[in-house]
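Please keep the sequence and the model in view while reading.

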Amino acid sequence: MKTINELQDEVIEEFSDFDDWMDKYQLLIDLGNEQQPLDEKYKNEQNLIDGCQSRVWLQCDIQDGRLQFQAESDALIVKGIVTLLIKVLTGHTPDEILNADLYFIEQIGLKEHLSPTRSNGLLAMIKQMRMYALAFKAKGY
């Protein structure tokens with residue numbers, strides 16, 4: 001099992017192959033399209049993330065003490081962003097997720113290339129993932 005930082009470094013490497021932001025957006029869209037669609041039963045109010053301009057549903061389950069995230073969005077780039085977050089954070093313990101410094105967002109230049117509303121959405125997604133980690137930690141996982 002790779003650490004969160006190893007996974008972040010892989011993402012950074014993947015994005016460093018492209019200089020042009022149009023290509024990076026395309027990579028995000030491709031990543032989002034590769035993701036398994038979220039089961040309809042999880043597309044509910046409870047899983048909808050507040051603070052995102054587009055609709056994003058995030059489902060979290062725990063398996064053997066590790067969090068498993070699934071998500072879906074009706075916006076392609078947002079779906080790609082949440083896919084990246086899942087790639088980095090899924091399969092880790094609540095503590096690992098809570099202690100993670102998500103430096104890849106800055107490193108791949110995502111922060112400065114997102115509109116303010118998307119940037120807020122990104123922060124809302126991270127916050128929600130950390131909330132799940134906190135909730136499972138509180139339950140003794």
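V78 lies in helix α3, where helices (H or I, at least four residues) and strands (E, at least two) are DSSP runs, numbered from the N terminus. The model is a predicted one, in which local features need pLDDT of at least 70, side-chain atom pairs count only at pLDDT 80 or more, and totals for chains, interfaces and linings use all residues. Residues are numbered from 1 along each chain as its sequence is written, and side-chain values use heavy atoms, with hydrogens and water left out.

V78 counts as buried because its relative accessibility is 6%; buried means under 20% relative accessible area, exposed over 50%, and partly exposed in between (1.4 Å probe, protein chains only). Leaving aside residues up to four places away in sequence, V78 touches S54, V56, S73, R118 and M125, a contact being heavy atoms within 4.5 Å. V78 and L122 are separated by 44 residues in sequence, but their C-alpha atoms are 8.1 Å apart in space.

Helix α3 itself covers residues 76-89, and its 14 residues reach 20 Å from the first C-alpha to the last, close to the 20 Å expected; the expected span is 1.5 Å times one less than the number of residues. Twelve of the 14 residues in α3 are buried, among them I77, I81, L85 and L89. Just after the helix, G91 takes a positive phi of about 85°.

Which residues have the most contacts inside the largest nonpolar core? They are F69, L85, L89, L102, F104 and M125, in a core of 45 residues. Such a core is a set of buried Ala, Val, Leu, Ile, Met, Phe, Trp, Tyr and Cys residues joined through side-chain atoms within 4.5 Å. α3 gives the most to this core, with nine residues. F69 touches L58, Q59, C60, I86, L89, T90, I97, M129 and Y132, not counting residues up to four places away in sequence.

F69 and I86 also belong to the lining of the largest pocket, together with Q35, Q36, P37, Q70, A71, T83, K87 and T90. β2 and α3 each supply at least two of the lining residues. On a 1 Å grid over the protein atoms alone, a pocket is an open set of points where a 1.4 Å probe fits, with protein on both sides within 12 Å along at least five of seven lines, and lining residues have an atom within 4 Å of a point.
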